[in-house]
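Me: I have a structure open and have not looked at it before. Can we go through it together?

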Amino acid sequence: MSDDDELDPMRIEGLDARLVNVEKILPDVFDMYELRAPGGPYYWEALPHDQAVKLWNELGKFVAWRDSRYLTNLADPSYRLPGCWYRHPIAVEELTALMVAHRAAYDTRSAKASTALVDWHHRALWPTLDSLKLRAGMAGCRDRGEHREPRDGSKAFRMTEGYLRYGDMKS
Ligand SMILES: [Zn+2]
């Protein structure tokens with residue numbers, strides 16, 4: 001056995017102190033991970049109630065700003081959102097994604113000049129408007145001036161025994 005392999009009491013003491021520190025912070029680290037919603041802070045499906053309420057408020061403010069800044073200034077009224085947009089799940093998801101992209105583009109920490117804002121307009125804003133007009137099923141509500149459920153009546157997919165068995169056989 002060489003001298004290097006011998007256990008130095010001073011080193012063990014130092015390691016012991018470090019281990020105590022790690023043990024002290026571990027519960028906080030676990031809490032942090034447990035509090036974090038699975039799927040992230042913008043995934044409606046899994047957000048805890050208080051975080052969903054907060055995000056709902058933020059989305060409302062974002063849509064109000066976007067409406068006054070862009071939509072009400074468009075010549076084509078077919079892009080405008082009906083008042084019931086928030087009852088259309090596709091609109092909620094797409095507008096949430098647009099808000100998140102806006103936050104990233106206008107992040108104050110990135111002070112360096114870049115194409116981020118152009119990208120937000122031309123890769124996020126305008127395509128989202130086109131997509132909502134095309135897919136979100138809101139044209140009827142806007143024209144009627146009242147909300148009607150957007151679904152066509154077909155049932156949404158749910159996981160069945162048959163579905164699970166099929167995956168089991170494939171793997
Ligand atoms: Zn509607």
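Me: In what order do the elements of the protein chain run from the N terminus on?
Reply: This is a predicted model. Starting at the N terminus, the order is α-α-α-α-α-α.

Me: How many helices and strands does the protein chain have?
Reply: It has six helices and zero strands.

Me: What percentage of the residues in the protein chain is buried?
Reply: The chain has 171 residues, and 8% of them are buried.

Me: Ok, which residues make up the largest nonpolar core?
Reply: There are twelve residues in that core: Val 63, Leu 81, Trp 85, Ala 91, Leu 95, Leu 98, Met 99, Leu 129, Leu 132, Ala 136, Met 138 and Cys 141.

Me: Which helices each supply at least two residues of this core?
Reply: Those are α3, which spans 89-105, and α4, which spans 116-135. The largest share comes from α3, with four residues.

Me: How do the axes of α3 and α4 cross?
Reply: They come within 10 Å of each other, and the crossing angle is roughly 175°. An angle over 145 degrees counts as roughly antiparallel, so α3 is roughly antiparallel to α4.

Me: And which residues meet there, in α3 and in α4?
Reply: From α3 there are Ile 90, Ala 91, Glu 94, Leu 98, Ala 101, His 102 and Ala 105. On the α4 side they meet Ala 116, Leu 117, Asp 119, Trp 120, Ala 124, Leu 125, Thr 128, Ser 131, Leu 132 and Arg 135. By class, the contact of α3 with α4 has eleven nonpolar residues, three polar and three charged.

Me: What does Leu 98 touch, leaving out residues up to four places away in sequence?
Reply: Leu 98 touches Ala 124, Leu 125 and Thr 128. Leu 98 also belongs to the largest nonpolar core.

Me: Switching to α2. At what angle do α2 and α3 pack?
Reply: The angle is about 80°, and the axes are 10 Å apart. Helix α2 covers residues 49-69. Angles of 65 to 115 degrees count as roughly perpendicular, so that is how α2 lies relative to α3.

Me: Which residues make the contact between α2 and α3?
Reply: Glu 58, Leu 59, Phe 62 and Val 63 come from α2, while Leu 95, Thr 96 and Met 99 come from α3. Five residues of this contact are nonpolar, one is polar and one is charged.

Me: Last one: of the contacts with a separation of 6 or more, what share is between residues 24 or more positions apart?
Reply: In the protein chain, that share is 54%.

Key:
Residues are numbered from 1 along each chain as its sequence is written. This is a predicted model: local features need pLDDT of at least 70, side-chain atom pairs count only at pLDDT 80 or more; totals for chains, interfaces and linings use all residues. A nonpolar core is a set of buried Ala, Val, Leu, Ile, Met, Phe, Trp, Tyr and Cys residues joined through C-beta atoms within 7 Å. A residue is buried if 20 or more other C-beta atoms lie within 10 Å of its own, exposed if 12 or fewer, and partly exposed in between; C-beta atoms are placed from the backbone. Two residues are in contact if their C-beta atoms, placed from the backbone, lie within 7 Å. Axes are lines fitted to C-alpha atoms, for helices over the stretch in contact, and angles run from 0 to 180 degrees between N-to-C directions. Angles under 35 degrees count as roughly parallel, over 145 as roughly antiparallel, 65 to 115 as roughly perpendicular and the rest as oblique. Ala, Val, Leu, Ile, Met, Phe, Trp, Tyr, Cys and Pro count as nonpolar, Asp, Glu, Lys and Arg as charged, and the others, Gly among them, as polar.
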